[in-house]
2 protein chains.
Amino acid sequence: MSDMYDSILRLPIFLGLNSATLTSLLEKSAIQFLKYVNDDIIVTKGEDCTHLKFVVSGKIRIDNEVVTGKVNICEEFDAPNIIAPDYLFGRDTYYPYNVTSVGETSIMQISKTTFINVMMQHEICLINMLNLTSNRSQNTMNNLSFMSASDMKEKLSRWILNLTNKQGKNIQIKCKHKDLYTFFGMQRSVFINVLNDLRDNEIIDYNGSCIKLLDRYALKELCNDDIGTYIENNW
Amino acid sequence: MSDMYDSILRLPIFLGLNSATLTSLLEKSAIQFLKYVNDDIIVTKGEDCTHLKFVVSGKIRIDNEVVTGKVNICEEFDAPNIIAPDYLFGRDTYYPYNVTSVGETSIMQISKTTFINVMMQHEICLINMLNLTSNRSQNTMNNLSFMSASDMKEKLSRWILNLTNKQGKNIQIKCKHKDLYTFFGMQRSVFINVLNDLRDNEIIDYNGSCIKLLDRYALKELCNDDIGTYIENNW
């Protein structure tokens, strides 16, 4: 239990709270703990986001459809983590992707109403939440940078960096090759050359339906300039 | 003054507050009013964002450099409006673009510390602010949709819709043609054909260094599907 408590203290929303305040907050607030075994569905894409869900132990997998459903990006995240904090408020208050458990996983959830009360009583939580949502918003203007890369390997690398997270593990991009090279406006032969080059350098592995990211750091090194550094710091 | 008061009541941050509460909030909080004449600099790109700045009368112009500085998007916004609310918190607490006055313009500003107090005392303001920042974050995942358009006219249209706002006026995209068609991976002749087609339909006008948007609504009609509607509702 103390492990879980440490994990909660390290959640971005509670960073900066002292242990006594957190204990008091958890005791006073209506909080639920949910347990999942391997491969359980935690949230489904399109489901109403009525609670803030924290991963307090175990691991989750996010399956995120991009490029209008043609590309599926899978990433795993260890506890402590928060599921889609930028979908509790705003216009689209439903989950943008599927989340499943990887092994035994515990989720702590707080209803939106309760969380509003927490923020109104704890300035640190309010500021942490605004920092989280603002960070994601600030990335909006920067995630087109990959298009200005003229080199195809760099373009693909920047795009992958943009759509994946530094903390993500076991990252897989599931798609048909054709959908991806059409998306980039690349010729098939150029695309395959880029994939082979990245595979020879042990940065990715791939087959006809999946690109597996082996070394995200090396991918970042390929875009070693201000924008590459910018992306890496933030995503 | 009552015009200005009405204008403040219509600011997204204060929406839902009743008039008496707003009066009390304005009286109790440290608020400054700043006056600008035509073409005054209100904020400079890179300047620290220490205050939330509200346009309460007049008009502002935003000059936003995108595509690593090669393309400059200019838009004008009438009062009431808020300048860059998603840069008060988060990692980058500095203005992402230049803002100047168009004619006589009044700005009301509240320091970050004061605004935190306002949010902690007024649940509506807290929710409004979280809605604003979350909305912008939610757009992140959708602003690549233009790349999946195979038709070049549609691709350019979606890109412009993405980077401009429904409320924006006198929208101009300042760039060299070459930088833009290179960015899109288009041939020059295709790009010019698209521009001429849009000009013939009185949707844009253009010269060698500027594309002027005449009819943003018609541009949206060119992308008349779910994604086009999605973009139009949100930007």
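1. Two strands pair if DSSP finds at least two bridges between them, and strands here are DSSP runs of E with at least two residues, helices runs of H or I with at least four, numbered from the N terminus. In chain B, β2 (residues 41–43) and β7 (residues 98–101) run antiparallel, joined by 2 bridges. B:Ile41 sits opposite B:Thr100 in β7(B).

2. A quick caveat: this is a predicted model, where local features need pLDDT of at least 70 and side-chain atom pairs count only at pLDDT 80 or more, while totals for chains, interfaces and linings use all residues. Residues are numbered from 1 along each chain as its sequence is written, and chains are lettered from A and ligands numbered from 1 in the order in which they are written.

3. β7(B) also pairs with β4 (residues 59–66) of chain B, antiparallel, through 4 bridges. There, B:Ile62 faces B:Val99.

4. Over in chain A, an open sheet of 4 strands has the order β1-β8-β3-β6, with antiparallel pairing. Its edge strands, β1 (31–36) and β6 (81–83), each pair on one side only. Between β3 (residues 51–57) and β6(A) there are 3 bridges, and A:Phe54 has A:Ile82 as its bridge partner in β6(A).

5. What about the buried residues of α3 (residues 112–121) of chain A? They are A:Phe115, A:Val118 and A:Met119 (buried means 20 or more other C-beta atoms within 10 Å of the residue's own, exposed 12 or fewer, partly exposed in between; C-beta atoms are placed from the backbone). Seen down the axis of α3(A), they fall within an arc of 95° (taken from the directions from the helix axis to the C-beta atoms), so they line one face of the helix.
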